[in-house]
Amino acid sequence: MHGQLTLDNARTVRFLNGGVRFFLSAALTAATISGGGAPFALGLTAACGAGIDGMCALAGAALGALVFLEFSTGLAHVAVAILVYTAAVAFRGLKIAEKPLFTPMLAAGMTLAVEGIYVAQSFSPLEHLTPCLLSTVLVGASARCYAPLTRGGEEEKKPDALVFLAVTLLLAFSDVAPAGISLGRTVIACLVLFTAWQKGAASGAVTGVWAGLLADLCAGGGVLVFTAEYGFAGLAAGLRTRQSRLFSAILWLLAALTALAPVTQAQGLSAMKEAALAAPLFLLIPRKLLGGKRVKQDTPPQSKALPTLRERLDRAATAFRDLYDSLGRGPVQSTEENPAIVFDRAAERVCRGCALCDLCWKKEYGATYNALNDATPYLLERGRALAKDFPNHFSSRCIHLPDFLAAINGELSAYLLRKQYRHRMDETRQDAKGQYARLSDLLTATAANLEAVPTAGARRSYRIGAAIKPKQGETACGDTLASFETDGGLLCLLLSDGMGSGEAARRESALTCRLLRQFLEAGVEAEAALNTMNAAMALRGQETGSFSTIDLLTLRLESGEAALYKYGAAPTYIKRFGRVRRITGAALPAGLKPAPAGPDVTHVTLEPDTFAVLISDGAADSGHDEWLQNLLAGWNGTDPQQLANLILKEAEKQNGLSDDCGVQVLYLPPEEVKKV
């Protein structure tokens, strides 16, 4: 009785194992990449090997192909699965089959052999070659990753294999997207966040990159949106390993939003929603699943923590810079289609069943080719084909000319749409590529700022005056002024002039000042922050068509060292005693020219008893500012607010409020002489 019970239990376990493999293989078939292939199900079939487990996986792959794939793609899928299982049976028991890479290489080879036949027989082999090679690589890689779960040994790799299995299974549910939020990708983002929190920044970044890459391949958008998002957010969330979950979730969300800021497609908005939803899901995970209650660890001294954080930021910056460099290292491959494909596809639809097919396309092939080639420029210029575009000997001989013209026009419209799509995708790729450089600059600047310790010494006192007035007839001023101190002892004066005037310009300039202030108060170096702002505003300007000038003055209160940064801003005036210095710039406003266009930078030293005056071009510009220089040279007062009001009043007389006017004045009083 005991022996019978043991036998029944063994059969039950085997039955359950086979059932699990069957349903996993069927579910993985729903995770398709661009081109329609389902490589993960084939990888699982290969990993299961011969025997009942492999047979169950094969059956699941066949069922999944029937349910989720198109007929031709499903036929190739089943063919590869059968060949993989047959090869596993044939090599079963041989020593070579025990090599870790044998099964993945075998599965990849079978995939390439079968799908290569379909590629060779297609009308456009080059278009189908990339999806074929991609599917081949993914079949081999997934077979290797699933192996620790389906075979004995490799216990240390099973946790990573489980994560890979979970991600690929969740990709099968990526198309389930209520309210535009993919449930599968949301859980994947939560899984990457959990991995980063549990294992640290390196594991979080690596897991985020490969999980995001798989998500991008399944989404088919052509841009590595999720790769950048998961990789950067996983890196940030892992900076506080196994510490506060809330802090890791906040870092995750901020990093994800930063990585997705330049993305203009609808896919970027969905990714933002999914990243935002993943953070509360992570926080709702019960503590028992995270390993129970944790003992609070002692925080290391700041002197030791800062170098560690600085090294991590430096390594992350180097990684993003190397990634940026690698994107432009290889030869540029042309993605342009030959216009002849329009005629090839039209002829396939109309001429194949024509009685004169052999005459036109065999005996008179040269004349037919020349006739179509001569008509090509007219088609591309006009956007549609007419009978007069073709020579008389061709149009008079063609017995299906109206149908042929209709087919050409249909294919031509598709060709022009594909050309426009590729052009836009190339522009988007270049913008996304530039963001890797911007992220590297930000991380490098932040790491360098950790080393900067404010020097001890007397801080110079200062007073600030400001005045603005809207354009005549408007109720809102398009200029925005701001002044603040950072924790590092840096005084910042900001003036931004939005495009146009009125409420729309005010919103644009206010947004520019608010975002730039956040960067500076976070400790990011001014030039790196401005470069990032310019790149982001260039992408934003593609949608809104707007831009803003930026005039920034930074001052070290301990030393008097100042820097002026200008993006399309009006001149700045430095007055000390009776002398006035005018500082100008030639850079375009932020958002008009994408990265790597940087601001104009001028370094000066502001002595005590000095005025610095920032103005917008509505008050005065470099072509009409003699009155302002004379006013400043003759000014003998010490109240910056009084001077700002005087400049604004005189500007109204000079220009009649033809534009918004903004004035900001910084005054450094003389140092008090201590009595001995």
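Start by selecting Ala161, Val163, Phe164, Leu165, Val167, Thr168, Leu170 and Leu171: these are the buried residues of helix α7 (buried means under 20% relative accessible area, with a 1.4 Å probe and protein chains only). The model is predicted, so local features need pLDDT of at least 70 and side-chain atom pairs pLDDT 80 or more, while totals for chains, interfaces and linings use all residues. Residues are numbered from 1 along each chain as its sequence is written, and side-chain values use heavy atoms, without hydrogens or water.

Now show all of α7, residues 158-171. Helices here are DSSP runs of H or I, at least four residues, numbered from the N terminus. The 14 residues of α7 should span 20 Å at 1.5 Å a residue, and the end C-alpha atoms agree, at 20 Å apart (the expected span is 1.5 Å times one less than the number of residues).

Next, select α5 (residues 102-121) and α6 (residues 125-150). Their axes come within 8 Å and cross at roughly 160 degrees (axes are lines fitted to C-alpha atoms over the stretch in contact; angles run from 0 to 180 degrees between N-to-C directions). The pair is therefore roughly antiparallel (over 145 degrees). Among the contact residues are Leu112 of α5 and Leu133 of α6 (contact means heavy atoms within 4.5 Å).

Last, move to α8 (residues 183-199) and α10 (residues 225-237). These axes also come within 8 Å, crossing at roughly 30 degrees. α8 and α10 are therefore roughly parallel (under 35 degrees). Pick out the contact: Trp197 of α8 and Tyr230 of α10 are among its residues.

Key: Helices (H or I, at least four residues) and strands (E, at least two) are DSSP runs, numbered from the N terminus. Buried means under 20% relative accessible area, exposed over 50%, partly exposed in between (1.4 Å probe, protein chains only). Angles under 35 degrees count as roughly parallel, over 145 as roughly antiparallel, 65 to 115 as roughly perpendicular and the rest as oblique.
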